[in-house]
Amino acid sequence: MFSRKHTRKIYAVLIIAALAFPLISNNTYYITMLCLAFIYMIVAFGLNFITGMTGQVNLGTAGIFCIGAYTSALLTTKTFISPWLALLVVILFGFVIGIALGYPSLRLKGVYLSLTTIAFGEIVRQLVNNMTDFTGGAHGVRAIPPYCLFGFELNTKLRLYYFLLAVTIMFGLIAYRIIYSKWGRVFTAIRDNIDAVDTCGISSSKVKIIAFTLAAVFAAIAGGLYAHYSGYINPSTFTLNLSVSFVVMVMVGGSGTVLGSVLGAVLVSILPEMLRFLGNYYQIVFYILVFICTILIPNGIVNVFLERQKTKALPEKN
Amino acid sequence: MKRTFSILLAMMLLLTVLAPSVVASEETIKIGLLATLTGYPLNGEHMAKGAQMAVDEINEAGGILGKKVELDIQDVGNTTDVGINSCNLLISNKVVSIVGPHYSSTCLAIENLINAAKIPMLVGGTSPKIAKIDNDYLFRIRASDTMQAVAAAKYLVEGLDAKNVAILYGSDDFGTGGMEIASEHFSSVGVDWVAHPFNNEDTDVTTQILKCITSGCDSVMIWATEAAYPIVARQLYELGLIVPTITNPSLAVDSCLAQLEQEWVEDWYCVTDFLTSNSEEKVQNFIKAYEAKYGTEESVDLHCAAYYSGVKLVADAIERAGSTDTDAIRNALMETKDFEGIIGTMNPNENGEFIHEIILAQCNDLKVSYIKTIGE
């Protein structure tokens with residue numbers, strides 16, 4: 001149904017729509033929801049490399065997101081450095097965590113890798129919860145300052161919206177380039193046939209670590225952005241539920257594509273809000289929809305449209 | 001067929017996201033309620049019923065300023081993100097005031113939103129941090145942890161002659177806050193203490209209890225949400241740590257008591273904002289009215305009482321302000337004098353805290369009975 005040329009047009013329409021949205025609706029509720037969706041998109045772009053393309057289920061993303069958020073929050077509230085400088089430290093931490101998480105993935109597969117990443121996420125949350133003097137413990141960190149850009153404090157939701165939109169477009173472009181690069185092709189090849197990758201003389205171990213590192217850096221940066229978007233963070237946000245939500249974004253939206261991550265992040269963060277009219281049942285309806293999606297559209301919504309194109313493009317048998 | 005269905009499903013999901021929200025009516029005065037209706041632990045249903053009962057009573061009496069009152073109930077789930085969205089939704093729905101949320105972490109996450117929107121919010125979060133926030137629009141309609149934990153610690157030392165206290169607390173902001181305040185009090189009066197945390201969702205606290213036994217404690221203080229009590233109480237009993245025990249208000253909540261056995265919590269004490277066995281006329285009248293409205297099988301607890309009082313307090317402030325201007329309501333709230341709430345007489349201090357008394361109670365045969373009211 002959609003070719004790569006078509007998807008480029010869809011990206012352009014989406015970007016224009018996102019740029020114009022605040023001009024049409026100045027409602028803080030929608031603006032804030034979209035801000036959060038932008039942050040989640042960055043996480044999903046990264047997770048797409050490791051879970052969507054390489055096929056390694058990472059259920060510890062909330063832990064990396066948490067480290068990014070706390071690193072930026074603590075550096076800016078305790079040492080009063082600029083959030084931009086803190087962001088550099090966040091990137092460094094993301095890089096180190098990615099490599100540290102990538103190595104166990106070389107020896108572990110399937111459910112064992114999932115369990116290891118779950119354990120990582122839980123260890124991070126427990127450490128943050130219990131290192132009370134350093135992290136504020138369960139009370140969390142308050143009064144996290146906003147980003148400042150060319151002398152403008154990003155202290156209104158509208159400024160934050162455009163800032164996050166710009167950052168998301170930038171990371172979307174990076175993710176897009178990686179997906180269609182040599183790395184992207186090897187990621188998919190590892191998922192489909194790891195032995196073939198090694199036979200071709202490509203080190204699958206090295207590529208797996210690259211995928212983990214990319215996912216970790218993206219998640220850590222998103223965590224840093226989240227801290228300054230929210231202004232207050234506490235450990236109760238960074239649970240296994242959040243990690244599962246990130247995986248749901250990639251799987252329901254459509255693995256292996258940037259558009260899938262965009263759609264997944266929007267669906268997971270906005271759909272429950274749009275279902276509020278169902279009263280007490282809105283969460284259960286949301287999860288039933290996710291359940292139906294995973295059964296009927298296992299490759300994600302975007303791939304329903306893309307696969308049709310692939311099917312059509314197949315050469316006819318003589 | 002499957003592909004067509006998949007495409008239809010995908011289109012349906014996309015359209016739901018793009019669906020417009022319901023537009024609010026301007027003929028009514030809207031009061032928002034932020035309640036935990038989904039997620040864990042659940043107490044939002046009782047909050048909503050209490051608040052709705054207050055609104056119905058106000059409307060039956062002719063409304064406020066000649067207008068009917070409408071309660072806009074939104075779920076805050078159990079994450080700060082949902083809390084932020086709910087608060088923004090209420091602000092965009094043009095509520096004149098917000099009652100709730102119940103948990104301190106959600107209060108802390110959204111207080112900056114109501115400050116920017118200049119909408120008074122009456123929260124039930126009891127963390128001491130809330131009182132320290134410089135926010136003119138933030139009020140509290142329950143006794144703070146500082147008061148509750150100090151009252152509990154004082155009673156252990158002065159009333160029950162404790163010399164060596166073991167504190168078992170939930171590792172969330174609520175449990176940690178209570179533990180910090182109580183331990184500070186024990187240190188100041190020269191009482192030995194040990195403190196051991198657990199996660200509210202833990203299914204085994206044997207290690208923590210054995211550490212308490214090893215410390216030679218002669219009394220126990222428990223500070224945790226309702227969800228932790230069945231495990232903690234059962235294991236304390238099974239491991240034989242049967243000493244004078246005092247808890248936070250969770251023990252006085254009927255839904256919590258319903259999950260406990262009589263021998264686990266016999267003779268335990270608790271501090272609480274609300275007690276059904278309190279013989280005060282206003283409390284008994286409230287219980288009768290609540291049971292008449294929702295049926296006798298509905299348990300009345302502090303959630304119904306606190307948020308019923310919160311809505312009534314807001315209505316009183318709007319009436320006194322003579323306007324729905326949020327600044328006028330905020331000023332009227334600050335000028336409140338001796339408003340008779342179900343959970344106590346409400347007078348704001350400079351930090352916007354309305355409740356300055358707490359009830360001491362004891363559990364016998366799974367019934368929590370009133371002992372006395374302790375002032376600040």
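Analyst: Two residues are in contact if their C-beta atoms, placed from the backbone, lie within 7 Å. The model discussed here is predicted.

User: How many residues of chain B are in contact with chain A, and which helix gives the largest share of that side?

Analyst: On chain B, 31 residues are in contact with 37 residues of chain A. Helices H1 (2-18), H3 (80-92), H4 (104-117) and H7 (173-188) of chain B each give two or more residues to this side. The residues of the side divide into 14 nonpolar, 12 polar and 5 charged. The largest share, 9 residues, comes from H1(B).

User: Is H7(B) mostly covered or mostly uncovered, and how far apart are its end C-alpha atoms?

Analyst: H7(B) is mostly covered, since 13 of its 16 residues are buried. At 1.5 Å a residue, its 16 residues should span 22 Å, and this agrees with the distance in the model. The end C-alpha atoms of H7(B) are 23 Å apart.

User: At what angle do helices H2(B) and H12(B) pack?

Analyst: H2(B) covers residues 44-60 and H12(B) covers residues 302-321. H2(B) passes H12(B) in a right-handed crossing, and the residues of this contact divide into 12 nonpolar, 3 polar and 2 charged. Their axes are 7 Å apart, and the angle is about 35 degrees.

User: Why does Ala315(B) count as buried, and which residues beyond its sequence neighbours are in contact with it?

Analyst: Ala315(B) lies in helix H12 of chain B and is among the residues of H12(B) that meet H2(B). A residue is buried if 20 or more other C-beta atoms lie within 10 Å of its own; Ala315(B) has 22, and therefore counts as buried. The C-alpha atoms of Ala315(B) and Ala54(B) are separated by 9.3 Å, although these residues are 261 residues apart along the chain. Leaving aside neighbours within four places in sequence, the residues in contact with Ala315(B) are Ile58(B), Ile64(B) and Val69(B).

User: Which strands stand at the edges of the open sheet of 5 strands in chain B?

Analyst: The order of this sheet is S2-S1-S3-S4-S5, with parallel pairing. An edge strand has a single partner strand, so one side of it is left without a neighbour in the sheet. The strands in that position are S2 (69-75) and S5 (138-140) of chain B.

User: Which residue of S2(B) is the bridge partner of Ala35(B), and which helix packs on the sheet there?

Analyst: Strand S1 (residues 29-35) of chain B runs parallel to S2(B), and 7 bridges join them. The bridge partner of Ala35(B) in S2(B) is Asp75(B). The helix that touches S1, S2 and strand S3 (97-99) of chain B, in a direction about 160 degrees from that of S2(B), is H3(B).

User: What is the pairing in the sheet of 7 strands in chain B?

Analyst: The strands of this open sheet follow the order S7-S6-S8-S9-S10-S13-S14. Within it, S8(B) and S9(B) run parallel and are joined by 3 bridges, whereas S13(B) and S14(B) pair in the antiparallel sense over 8 bridges. The pairing of the sheet is mixed.

User: Which residue takes a positive phi in the hairpin of S13(B) and S14(B)?

Analyst: In S14(B), Lys372(B) is the bridge partner of Leu360(B). The hairpin has 2 residues between the strands, and the residue with a positive phi, near 55 degrees, is Asp365(B).

How values were computed. Residues are numbered from 1 along each chain as its sequence is written. Chains are lettered from A and ligands numbered from 1 in the order in which they are written. This is a predicted model: local features need pLDDT of at least 70, side-chain atom pairs count only at pLDDT 80 or more; totals for chains, interfaces and linings use all residues. Axes are lines fitted to C-alpha atoms, for helices over the stretch in contact, and angles run from 0 to 180 degrees between N-to-C directions. Helices (H or I, at least four residues) and strands (E, at least two) are DSSP runs, numbered from the N terminus. A crossing is left-handed if the near helix is turned anticlockwise from the far one by less than a right angle, and right-handed if clockwise. Ala, Val, Leu, Ile, Met, Phe, Trp, Tyr, Cys and Pro count as nonpolar, Asp, Glu, Lys and Arg as charged, and the others, Gly among them, as polar. Two strands pair if DSSP finds at least two bridges between them. The expected span of a helix is 1.5 Å times one less than its number of residues. A residue is buried if 20 or more other C-beta atoms lie within 10 Å of its own, exposed if 12 or fewer, and partly exposed in between; C-beta atoms are placed from the backbone.
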